[in-house]
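Good morning, and thank you for joining this group meeting. I would ask you to look at the model first; I shall then describe some of its features.

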2 protein chains.
Amino acid sequence: MTQTIDAGSGTATPGERVDRWLHEFESALSARDVPRAAGMFATDSFWRDLVAFTWNIKTVEGPAGVADLLESCLSSTDPSGFCTTETPTEAGGVIEAWIAFETAVGRAKGHLRLTDEGAWTLLTSLRELKGFEEPQGEDRPRGVSHTLHPGRLSWKEEREREERELGVTRQPYVVVIGGGQGGIALGARLRQLQVPALVLDNHDRPGDQWRGRYKSLCLHDPVWYDHLPYLPFPKNWPVFAPKDKIADWLEMYTRVMEVPYWSRSSVVSASFDQETKTWSVQVDRAGERIELRPKQLVFATGMSGKPNLPSFPGMDVFTGEQQHSSRHPGPEAYAGKKVVVVGSNNSAHDICGALWENGADVTMVQRSSTHIVKSATLMDIGLGDLYSERAVKSGVTTDKADMIFASLPYRIMHEFQIPLYQRMAERDKDFYDRLEKAGFWHDWGEDGSGLFMKYLRRGSGYYIDVGAADLVADGKIRLEHGQVDHLTEHTVVLEDGTELAADLVVYATGYGSMNGWVADLIDQETADRVGKVWGLGSATAKDPGPWEGEQRDMWKPTKAEALWFHGGNLHQSRHYSLYLGLQLKARYEGIPTPVYGLQEVHHLS
Amino acid sequence: MTQTIDAGSGTATPGERVDRWLHEFESALSARDVPRAAGMFATDSFWRDLVAFTWNIKTVEGPAGVADLLESCLSSTDPSGFCTTETPTEAGGVIEAWIAFETAVGRAKGHLRLTDEGAWTLLTSLRELKGFEEPQGEDRPRGVSHTLHPGRLSWKEEREREERELGVTRQPYVVVIGGGQGGIALGARLRQLQVPALVLDNHDRPGDQWRGRYKSLCLHDPVWYDHLPYLPFPKNWPVFAPKDKIADWLEMYTRVMEVPYWSRSSVVSASFDQETKTWSVQVDRAGERIELRPKQLVFATGMSGKPNLPSFPGMDVFTGEQQHSSRHPGPEAYAGKKVVVVGSNNSAHDICGALWENGADVTMVQRSSTHIVKSATLMDIGLGDLYSERAVKSGVTTDKADMIFASLPYRIMHEFQIPLYQRMAERDKDFYDRLEKAGFWHDWGEDGSGLFMKYLRRGSGYYIDVGAADLVADGKIRLEHGQVDHLTEHTVVLEDGTELAADLVVYATGYGSMNGWVADLIDQETADRVGKVWGLGSATAKDPGPWEGEQRDMWKPTKAEALWFHGGNLHQSRHYSLYLGLQLKARYEGIPTPVYGLQEVHHLS
C-alpha cells in the first residue's frame, strides 16, 4: 500500500502532498481553469459542499460533477487561501486533511481525502460571513457600557423592549414554526447572527414538546451526540437524558441564549406574496389573532411532527380508547387493562415496555420487520469513534465529529456502516437469537447498513433497545403479526382473523413527510411544489429513487421561495442550523446567494 | 541567575529537579521523618493546604511551620504517589511544577515552586475522595435503566419524590442558608457528591438576589473569572453580565444542576444540640413554619448580605426617603429629585451614575478615601494572565487559573499585586489626575497593593470604574467630603456644617461581618465564639492583626461545631465550594477529618 503511494508521490509526506494538491487546486481555481481543477478529482470521487460554493447543501460526483459545480459557482465564490489547519495523516493509502479557505464573502473549513488518483472526498463548509462574524470569545458583547449617558437602557429594558416590539410593531425577518430542539437551536444561531427572528410554538413553554410524551422516554442517542450549539451539556449530564430533564435544558437554553420565542402560539395559515416577497403568517397567540409578515419562513415542526394516524374500518365503533403514540399519556391509567400497540418501532417498544412495567396486559402488533440494536452496542460500535468519552479524550471535539461525519458522502456511507452492523450482530448474537425464537421479524436494513441509514432514508423502521426488546423476547410483551383488518367494539382484528381484546389501542404508526404541514398551513399546491421532505432517494423501502445525493429539502432552498425545513435529531439540529442560519443571514444582509443545483421534486409525499 | 541554579543542580532539567525533590519528599514522608521533610523547604517558604493534609484551609510558614503541620497530620494523611502532571518550567530561578498525589482517603493535586534553597511555595489540594468520586465523563449517570421492571420510577418521578420528602419526611444532612451564587454553587457540588442538602432562600426564585438590585448593575468581574462549577458560560456570554442576565443563569443553573432549593424560605432561628449533634433550624417557608434537623449548617448569606445601616441623629425627622444601597430600587422614580448618596465605593458610584443618567441631581458624600481602578485596566493588567481570552488561548483553563491563584500565599500576595497597580497608575495617569483635580480622595491601599488585597482584607474600599468616576471627575456627580453629622427634615448636614438638600438619601455604607447573621439567627454567644468572618489579619484598615494566614472562617471549620461559612465572589464560590463540599462529604460518610490548626478568634466582629 505504502509502495503504491510512494510510486506516485516520491518521498513526500502526507502534509507535503496535501499542500501540493491544495496549491494546484487553488491555482487552477484562480485561473478559472475548470477542467484542470476537475481533473484533480479521482474518477470515483465526491465533493460535498455546505453553502460555501453552492449556497446549497449539495454533493457532486466525479470530475464531471465537479466541473459542473465549478462552471456555475467558481467566479461568484472566488475562493482563495487554501491551507491545512493541522498536520494531515495517512492510513491505508488515504491521506486525510483538515483545511480552511476563504470565499468572496466568507470563511470556510473543510476536509479532504486524497489518494494517488487525486481527491476522493472533499467537504467544503461555510463557517462565517465576513463582516458578520458572531460575537464570541474576544469579540463577545461587553454587557455593560463604560460610558454613562442619560436614557441608557439596561439589558433587561432592551429585552423587554424587544419583546414588546418584535412581531408587533417590528416584523421579524424570519419566522420559525416549531420550538422544539430544532427551532430553538436555529433561533439561537439567528440571535447570534443578529437576524431578527421569532420562534413560534403551541405549547405552554419550551421543552413541553418532550414533557408531554410518555413518561419513560429518554433520548435514544447518547449525550456526546446531543449537544446544542454554543452551550454543551456539562460533564455530569446523563448519557441518555430523560425527557423531562432535556425539557428543562431546552427551556433554560431558550432563556439564556435569548431566543425570541412565543409560546402558546399556533400558526393558523401562511401565504407568500410574490409581489412583495413577504409571508403573511396568521398566528393564534394564546387566543389572540396576530399577523406576522416575515421574509423567510422555516418549518421546524419536526421529523416526528405530523402523526400518521391510520384509518381502519371500525375505528368509529371501537368503544375503548384510541391514541396515536404521540398522544399517549403514559402508562399510569392502564394497570390491569388490555392494550394493543400497533407498530414495532421505537415508540411502540418504549410504550409497550412502560405499560408492562405498570401492570398492563400488552400486545404488540408487528406489521413489518423492524431493525433493533441494543443501545450500549450502538453507542460503542456505531458512534464511539466520533461521539463518546473515548472520542473526547482523543481530541475529537463535537465540531470535529460533526465535520468528520459530514465528510462521508451519503452515496457511500452505507459501505462504512455495513461492517459496523456486522460487528453488532456478532457481539449481540444471543440477543438476536432470542428475538428470532420469539418470532420477532428482524432486519438490518435492505443492504445490511443498519439503523443510521434507515434514519436518513426513511426516518423509521428501527428500535434502539433500552430494555423492551427483552420483554418481547421473553414473551412478557405478547407479539402478534400482520396487518390490522378492522376494529370491533372491543377488539382489534388482524387480517388472519386473530382477534385481540383491547381497552386501549395505541397507533405507533409513525409520522408523515414534513410537507404535510405545508399542505395544512399553506396549501396543497405549495406542498406539492416542495415535494417529499427527508430521505436520500436510495431506492429502498419508503425512500424511492432517483438518487438525490442529499436529504431532500432539509436546511437548504426548496422549490418554494423563502420556505425552509429544519429539524432532525439533536446532532443535525446542532450542525445544520449553522448552514441554515448563514443562508438566512446572507439573505438578510443582501449578500448575493446564487443557488446551484436546486432540489428537484420526484415525489409528492 | 542561571548560574546560581546550575551551581546547585548541575545540569539537571527543571523536570529532573522536581522529580528528585518529590522523590525525596515522599521518602521522608514515608519514613515519617518530619525533620527531613521540613528541611526540604526554604527558610522563607509557604505550604498552603486545601483540605488534603489538614482537613482545613491552612498556610504554614518555613520549615518550622511545615514540621508542625506534619507532626499533626502526616500519619493520618499517609500521602503517596507524588508525581508531576506536566513538564515543569523554570523562570528567574524559580521552577514551577504541577503535581498530583494520593492520601489515605483521597486524590489530590498541587503546585510547587522550587528554588535552590528548596521548596518556596507548595500548594496541596484535595480533589476527590476515593470511592466517592463525582459521576462525570465516563462515570456520568446513564439516565435510563436498560432493564425494565414494574414500579420503575422515571427521573421526573424521582425528582418529585425527593421534593416531597427532603426536609419533610427525610432530613437533609446539610442546610445552606442563602441561595445566591454561593449557596447555589455549593448546592450543585453537594448534589454531585450525593450529600443530601437543602438550600434555603427568602426570595421568590433563584437569581432574585440580583434581580432586586439597582437596574444598571453589571458584574464588576469579567466572565472568565465568574464561571460556576460544572457549567461554564458559553463563548458568547458578555464580559460583564448584566444583573438580570446573571439572575436568569443562576435560576436555570439551579434547575439543570438539580440543586435542592427552597424559595420563599427564611430561617427564623437555629440552635445546635450538643447531645445529638443536630441542628434545629426553624424555617418560614412561604408562611408555613417548618423545622429542619440537619447535621451541618452553612451560612451562605453573602459578603454583601447584612447591610450596615448607619444611625445618624435626625434620621427619624428627615421627611424624604432613606434607603440602604441594597434596597435602592433604581433611578426611575428620582428624575429631577435631589439625591444624597453617602459613601464612595462600588455601590455608591453605580447608584450615582444611574441616578445621573435618569436626570436626578446627585451628590456623593465621600467619608474616606477610595481606591478606583478602571474596569478595562483591571481586566487586562490585574486578571489578564489568568482570567481572559488570552489566558484561555494559552492553555490556562479556569481550574488551572484557580489553582495558580491559590498557589500564591496570602502573606506575600501583596508583593505580586503592587507592581500591577503601579502599571495601572501609569496607564491611566490622566484619569487619576482628573479625579484628583476634582477633589476625589483616592488611595491604592495602605501598601499600594490595590483592589484585590482590599477585597481580601476588608471586602470594601474600592470602585471598579464602569463609567461613574468620569462623572465625578467632570463634576456631573457633585462631590462633598466628610462625615455626616445629622439630618434635618429636608437636608443632610455634614460635620463641617455643609447642608445638602435631599429628597432621597442612599446609605451606600456597606455590609457587616457574616457572624452578624449568626447573632441574629442563633445567638450572640455563638457569633462571638466564631468571631469576625473574612479578612486576613493584615493589620490594615478594617482588617486588624494578628496575621491569620487565611481568610477568617471561610470554607473551613470554625470554633462553632458543624457551622460553616461560604461565599465571596464568583471565583471563590466556584473554587472553594469544592473544598467545603469535600469536608461535608467526608463527615457525611464518616471519614475521619482531624482538623489541624483550627481558626483562633481575635476579634468579635
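**How the two copies meet**

In this predicted model, 100% of the interface residues of chain A are also interface residues in chain B, so the copies meet through the same surface; contact means heavy atoms within 4.5 Å. Chain A is superposed on chain B by a rotation of 180° with 0.0 Å of shift along its axis, at an RMSD of 0.0 Å. The two copies are thus related as by a two-fold rotation axis. The superposition is by least squares on C-alpha atoms of residues with pLDDT of at least 70 in both copies. A:M252 comes closest to the axis of the residues of chain A, its C-alpha lying at 2.7 Å.

Let me turn to helix 9 of chain A, residues 243-256. Helices here are DSSP runs (H or I, at least four residues), numbered from the N terminus. Of its 14 residues, 13 are buried, so helix 9 is largely enclosed by the rest of the structure; buried means under 20% relative accessible area, with a 1.4 Å probe and protein chains only. Just after this helix, A:E258 has a positive phi of about 55°.

Finally, consider A:R189, located in helix 6 (residues 181-192) of chain A. The side chain of A:R189 reaches the backbone oxygen of A:R574 at 2.6 Å. Among the residues that A:R189 touches are A:P229, A:Y230 and A:H575.

A note on conventions: residues are numbered from 1 along each chain as its sequence is written, and chains are lettered from A in the order in which they are written. Local features need pLDDT of at least 70, side-chain atom pairs count only at pLDDT 80 or more, and totals for chains, interfaces and linings use all residues, while side-chain values use heavy atoms, leaving out hydrogens and water.

Definitions and conventions. Helix = DSSP H or I, 4+ residues; strand = E, 2+ residues; numbered from the N terminus. Expected span 1.5 Å × (residues − 1). Buried < 20%, exposed > 50% of the residue type's maximum accessible area, 1.4 Å probe, protein only. Polar contact = N/O pair within 3.5 Å; in protein donor to acceptor, adjacent residues only side chain to side chain. Lists of a residue's contacts leave out its neighbours within four places in sequence.
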